[in-house]
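Open the model in your viewer and keep the selection panel at hand. The tour goes stop by stop, with something to select at each one.

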Amino acid sequence: MSVRVYVPCDSGALSMGAERVAKAICAEAERRGLVIELVRNGSRGLYWLETLVEVGTADGRVAYGPVKVADVASLFDADFLNGGAHALHLGVTDDLPWLKNQERLTFARVGITDPVSLDDYLAHDGYRGLRNALAMTPDAIVQQVTDSGLRGRGGAAFPTGIKWKTVAGCVADQKYIVCNADEGDSGTYSDRMIMEDDPYVLIEGMTIAAIAVGATQGYIYLRSEYPHALVSLNTAIERAQAAGYLGEHILGSAHTFHLEVRRAAGAYVCGEETSLLESLEGKRGLVRFKPPLPAIEGLFGKPTVVNNVISLATVPIVLDKGAEYYRDYGMGRSRGTLPIQLAGNIKQPGLVEKAFGVTLRELLYDYGGGSASGRPIRAVQVGGPLGAYLPESQFDTPLDYEKFSEIWAVLGHGGIVAFDDTVDMAKMARYAFEFCAVESCGKCTPCRIGSTRGVEVMDNIMQGKQVSKNIALVRDLSDTLLNGSLCALGGMTPYPVLSALNHFPEDFSKASAIASETALADPA
Amino acid sequence: MVQGHNELIAEKIEAHRGMAGGLLPLLHAVQDAIGYIPEESYLAIAEGMNLSVAEVHGVVGFYHHFRTHAPGRHILQVCRAESCQAMGCSELETYVKARLGVDYHGTSADHAVTLEPVYCLGNCALSPAVMFDEQVLGRVDKATIDELLNTLEAA
Ligand SMILES: NC(=O)c1ccc[n+]([C@@H]2O[C@H](COP(=O)([O-])OP(=O)(O)OC[C@H]3O[C@@H](n4cnc5c(N)ncnc54)[C@H](O)[C@@H]3O)[C@@H](O)[C@H]2O)c1
Ligand SMILES: Cc1cc2nc3c(=O)[nH]c(=O)nc-3n(C[C@H](O)[C@H](O)[C@H](O)COP(=O)(O)O)c2cc1C
Ligand code: SF4
Ligand code: FES
Ligand code: FES
């Protein structure tokens, strides 16, 4: 029997040279007359160890990493095909504490299987949720999702079951399931990982949603920055269709569901659901007024479920193992697990799926291992570019939607970006305004004009000009944005700005302090 | 507009006529094929998709991804979002701009590379990140950039 060698095809691993490593391993095996079976799996999510190579042994999969092309010959010399000792030897993958202490529900298969192999998917409990759903009434499916406590993982945390119930309750000749795969938040990549590394779980979740609400057409609105996800989704859709999991008479039932991927075009605001729908209709991504909610008048005016990738990809396990199984994880009103993404200046960045309730400190230090630079972590931004910056004094906050609201912060899509003590928080506040200005859809004045004005005011502060007057102006502008914006792009830009100002005020008066020092030193 | 483009664009229009919300897929198809969306094609696109020229104009202009001028042979996108900032991307940006002798949206004099900013490539676990054509690179430093551009110059 030939030995199985796993080299990830996830774009993160590829960005560290996984393709070249895979080729080098094949070439070296051939040179030595050894027969191996190369599997291109997804990423286990331990990105600092990419390219993480695994070998199937009698004790389970054994990991080596980070592997570079130059290490390949020595791995063979060390008999890595039998799990031999080597400087890069990490032990049995499943026993690595970083993985072992996670609760991987949504990410159960990620990194383990060949993403586009339907057989692999089925062999690892795939499509069990759909089979259960097909034996249930649509109402019972919606009830099960409601009972699981699953809330929108795109960031707004609205209960998924209740959203579905609204759509299910509408009478219409056509309904749609739209997957929001625009993942624009910096520091987030869980949607990308699901789409590249386990695309069938998203397809299965969307199919279950379609059956639950009576939709027959689905779209995945995929950001254009994700070319690898596009390929893996399209391959999986084609294979699912050929095997009867999509299209007409799904698994011999009366249900029909067609699914298509549509590429976005690089506008952050198109992640906002109504802007997304405009874009899917072929228009500029101007945000719509709500109500009407998309659940009632969505794509082409029809009732539409818009859900994030992770929300939809979590549905199969709920339908497979039951609402209670999922709901038993978590704390308070935040039920289940959150795929957390560690990013920025962090030593061990990667995907940590944990039940709600884990603290930031555990994530940053136990999983993250502290900063990459070795300097103190000074600030973390949670929840993307519209999320607040948290200082060290807030690191004991548990990940829970309500606990975060209490400290005027958001969990959002679960991205955590760490900054060490070289960060200039005034610069980060300026960037938040700049980002809002670049990405504003232009429909309302506070966002369109206010963001540009914010950049100017921050420039003055950073040059030490009339600092206290200008800080008051930043607060005024933030108030206007908070209260006068149509959507959360303008409405939440004050989160990063004001949290930076409130928690790190010293960074906003640095320039004026320097200016006054020079003035004293040089009284000319 | 380059010769042959007209026909190619006409083909793409034909393929997307009648498609629900087909304008974005059409624009993608055109840009994938010829690298940009020539303004001279707006009229044909508008007629084919039952829209006004102003609408086509508005859509092309709204999205950062669409270009109205021919880019260089390669596209280099440098991520400048928060996670990459936390790992020093601003230094990298300065370096790349100097190396290519252009600012963002510019094309190097030898037409080899067009430089674009990007706000997150989903590779934030391996910041700073850049995308070269469709290839993502992680933990990028000056040496990575040099290696990349030197191979181009040698080619
Ligand atoms: N994932 C990302 O990349 C990203 C980027 C930017 C912002 N965000 C997040 O987006 C959030 C804001 O999103 P939003 O403006 O869509 O929030 P929202 O509160 O307006 O809506 C949340 C969801 O619930 C639905 N909904 C609300 N009431 C409903 C009802 N009665 N019946 C059925 N459905 C109902 C909405 O249609 C929507 O789908 C922010 O909190 C931010 O964290 C995410
Ligand atoms: C500016 C802006 C950008 C957004 N970007 C995304 C996104 O990229 N992905 C996402 O799922 N939701 C995003 N949202 C939230 C969506 O509007 C919507 O709440 C979500 O898709 C609903 O799905 P969920 O309930 O499954 O989370 C964004 C919201 C705003 C205001
Ligand atoms: S807040 Fe900004 S992005 Fe949102 S609708 Fe208004 S102008 Fe558009
Ligand atoms: S539309 Fe005028 S403030 Fe939003
Ligand atoms: S912030 Fe640069 S890849 Fe995400």
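Start with ligand 1 and show the side chain of A:Glu273: an N or O atom there is 2.5 Å from an oxygen atom of the ligand. Keep in mind that this is a predicted model.

**Stop 1: ligand 1**

A polar atom of the A:Lys163 side chain lies 2.8 Å from an oxygen atom of ligand 1. Next, show the backbone of A:Gly154. One of its N or O atoms is 3.2 Å from a nitrogen atom of the ligand. How much of ligand 1 does the protein bury? On its own, ligand 1 exposes 870 Å², and the protein buries 73% of that.

Now select the whole surrounding shell. It holds 17 residues, and the nearest are A:Gly154, A:Lys163, A:Asp185, A:Tyr268 and A:Glu273. Ligand 1 sits in the largest pocket.

**Stop 2: ligand 2**

Keep the surface on and select ligand 2. Ligand 2 also sits in the largest pocket. Which elements of chain A give two or more residues to its shell? They are strand S9 (304–308) and helix H20 (488–492). S9(A) supplies the largest share, three residues.

You pick up 18 residues, the closest being A:Gly154, A:Lys163, A:Asn307, A:Asn308 and A:Ser311. By class, the shell around ligand 2 has four nonpolar, eight polar and six charged residues.

Check the polar contacts one at a time. First, A:Gly154: a backbone N or O atom lies 2.7 Å from an oxygen atom of ligand 2. Second, A:Asn307: here a polar atom of the side chain lies 2.7 Å from a ligand oxygen. Third, A:Val306: a polar backbone atom is 3.5 Å from an oxygen atom of ligand 2. For the burial, ligand 2 taken alone exposes 610 Å², and 90% of that is buried by the protein.

**Stop 3: ligand 3**

Select ligand 3. Does it sit in a pocket or a cavity? Ligand 3 sits in the largest cavity. Show the residues around it. There are 13, with A:Cys441, A:Lys443, A:Cys444, A:Cys447 and A:Cys487 coming nearest. Eight residues of this shell are nonpolar, four are polar and one is charged.

**Stop 4**

Hide the ligands and show the backbone. Most residues other than glycine have a negative phi, and most peptide bonds are trans.

- Select A:Glu50 and A:Thr51. The peptide bond from A:Glu50 to A:Thr51 is cis, with omega near 5 degrees. A:Thr51 is in the loop between strand S2 (36–39) and strand S3 (53–57) of chain A.
- Select A:Lys290 and A:Pro291. The bond joining A:Lys290 to A:Pro291 is cis as well, with omega near -5 degrees. Look for A:Pro291 in the loop between helix H12 (273–280) and S9 of chain A. S9 is the strand that gave three residues to the shell around ligand 2.
- Select A:Gln466. Not a glycine, A:Gln466 still has a positive phi of about 40 degrees. The residue lies in the loop between helix H18 (445–462) and helix H19 (467–484) of chain A.

**Stop 5: chain B**

Switch to chain B and show it as a cartoon. How many helices and strands does chain B have? It has seven helices and four strands. Trace the chain along its sequence, and the pattern reads α-α-α-α-β-α-α-β-β-β-α.

Colour the two domains separately. Domain 1 of chain B spans 5–62, and domain 2 spans 74–154. Their centres, taken over C-alpha atoms, are 29 Å apart. Finally, zoom out on the chain. Along the principal axes, the C-alpha atoms of chain B fill a box of roughly 50 × 30 × 20 Å.

Note on methods: Residues are numbered from 1 along each chain as its sequence is written. Chains are lettered from A and ligands numbered from 1 in the order in which they are written. This is a predicted model: local features need pLDDT of at least 70, side-chain atom pairs count only at pLDDT 80 or more; totals for chains, interfaces and linings use all residues. Side-chain values use heavy atoms; hydrogens and water are left out. A residue is near a molecule or strand if one of its heavy atoms lies within 4 Å of it. A polar contact is a pair of N or O atoms within 3.5 Å; within protein, one must be able to donate a hydrogen and the other to accept it, and residues adjacent in sequence count only if both atoms are side-chain atoms. Accessible areas come from the Shrake-Rupley method with a 1.4 Å probe; for residues, only the protein chains shown count as cover. On a 1 Å grid over the protein atoms alone, a cavity is a set of points where a 1.4 Å probe fits but cannot get out, and a pocket is an open set with protein on both sides within 12 Å along at least five of seven lines; lining residues have an atom within 4 Å of a point. A molecule sits in a cavity or pocket if more than half of its atoms lie within 2 Å of its grid points. Ala, Val, Leu, Ile, Met, Phe, Trp, Tyr, Cys and Pro count as nonpolar, Asp, Glu, Lys and Arg as charged, and the others, Gly among them, as polar. Domain bounds come from an automatic or database domain assignment.
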